[in-house]
Amino acid sequence: MTSDIRIPRTSDIIARALDYRASAVRIDDTAVVAQIDRLIANLPSARLCWVLGTLVIDSPSGHTYHVTRGGCDCLNGQRSHKRQCWHVLARELLEDIFDTEAETADQEADAPCAVWPRVAAARSLIWARL
Ligand SMILES: [Zn+2]
């Protein structure tokens with residue numbers, strides 16, 4: 001059962017990956033830089049969808065991989081000490097993008113209503129006339 005959770009545009013995912021990459025370069029984390037480079041190389045040819053909380057990736061290699069919070073079922077992902085496949089990174093990026101969207105929506109919902117300054121000004125005028 002495919003979920004209706006939206007997959008962000010590939011360009012948005014890659015933009016977020018490039019942010020991560022810049023941070024990894026700054027701290028000289030070559031393993032993460034390589035992971036991000038694999039994602040950038042493969043993502044445009046991959047197909048992603050959510051199925052009941054699992055990110056399903058039809059990889060350009062012809063294989064289909066399943067990424068849960070516990071990891072990925074590809075060979076590299078099955079090595080518990082190596083969560084360095086690009087599939088796991090793809091899931092982390094999607095979750096990060098969703099978190100940012102949720103935070104932005106919360107901030108917009110909490111922002112003062114644009115009409116309140118005009119209400120306050122009108123109230124001041126009314127009180128000034130009394
Ligand atoms: Zn994997």
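Which residues have the most contacts inside the largest nonpolar core? Select Leu 39, Val 67, Cys 72, Leu 89, Ala 90 and Leu 93, which hold that position in a core of 18 residues. The model is predicted.

**The core and its suppliers**

Now colour the model by element. Helix 1 (10-26), helix 2 (30-42), strand 2 (54-58), strand 3 (64-68) and helix 4 (86-110) each give the core at least two residues. Helix 4 makes the largest contribution, six residues.

Leaving aside residues up to four places away in sequence, Ala 90 touches Leu 39, Leu 43, Leu 48, Leu 55 and Ile 57.

Begin with strand 1, residues 47-51, and strand 2, which run antiparallel and are joined by five bridges.

- Cys 49 faces Val 56 in strand 2 across the pairing.
- Trp 50 is opposite Leu 55 in strand 2.
- Val 51 is opposite Thr 54 in strand 2.

The hairpin of these two strands, strand 1 and strand 2, has two residues between the strands, and Leu 52 there takes a positive phi near 50 degrees.

Move on to strand 2 and strand 3, an antiparallel pair with four bridges. Here Leu 55 stands opposite Val 67 in strand 3. Strand 2 and strand 3 also form a hairpin, this one with five residues between them. Select Gly 62 in its turn to find a positive phi of about 100 degrees.

Stay on strand 2 and show side chains. Which of its residues belong to the covered face, and which to the uncovered one? Leu 55 and Ile 57 make up the covered face, while Thr 54, Val 56 and Asp 58 make up the uncovered one. In a regular strand, side chains alternate between the two faces of the sheet.

Bring helix 4 back into view.

Select helix 2 together with helix 4. Their axes are 9 Å apart and the packing angle is about 85 degrees. That angle makes helix 2 roughly perpendicular to helix 4. To see the contact, show Gln 35, Ile 36, Arg 38, Leu 39 and Asn 42 in helix 2, which meet Trp 86, Leu 89 and Ala 90 in helix 4.

Helix 1 and helix 2 pack with axes 9 Å apart, at an angle of about 160 degrees. Helix 1 is therefore roughly antiparallel to helix 2. The crossing of helix 1 and helix 2 is left-handed. Which residues of helix 1 meet helix 2? Select Ile 14, Ala 17, Tyr 20, Arg 21, Ala 24 and Val 25; in helix 2 they meet Val 32, Val 33, Ile 36, Leu 39 and Ile 40.

Definitions and conventions
Residues are numbered from 1 along each chain as its sequence is written. This is a predicted model: local features need pLDDT of at least 70, side-chain atom pairs count only at pLDDT 80 or more; totals for chains, interfaces and linings use all residues. A nonpolar core is a set of buried Ala, Val, Leu, Ile, Met, Phe, Trp, Tyr and Cys residues joined through C-beta atoms within 7 Å. A residue is buried if 20 or more other C-beta atoms lie within 10 Å of its own, exposed if 12 or fewer, and partly exposed in between; C-beta atoms are placed from the backbone. Two residues are in contact if their C-beta atoms, placed from the backbone, lie within 7 Å. Two strands pair if DSSP finds at least two bridges between them. Axes are lines fitted to C-alpha atoms, for helices over the stretch in contact, and angles run from 0 to 180 degrees between N-to-C directions. Angles under 35 degrees count as roughly parallel, over 145 as roughly antiparallel, 65 to 115 as roughly perpendicular and the rest as oblique. A crossing is left-handed if the near helix is turned anticlockwise from the far one by less than a right angle, and right-handed if clockwise.
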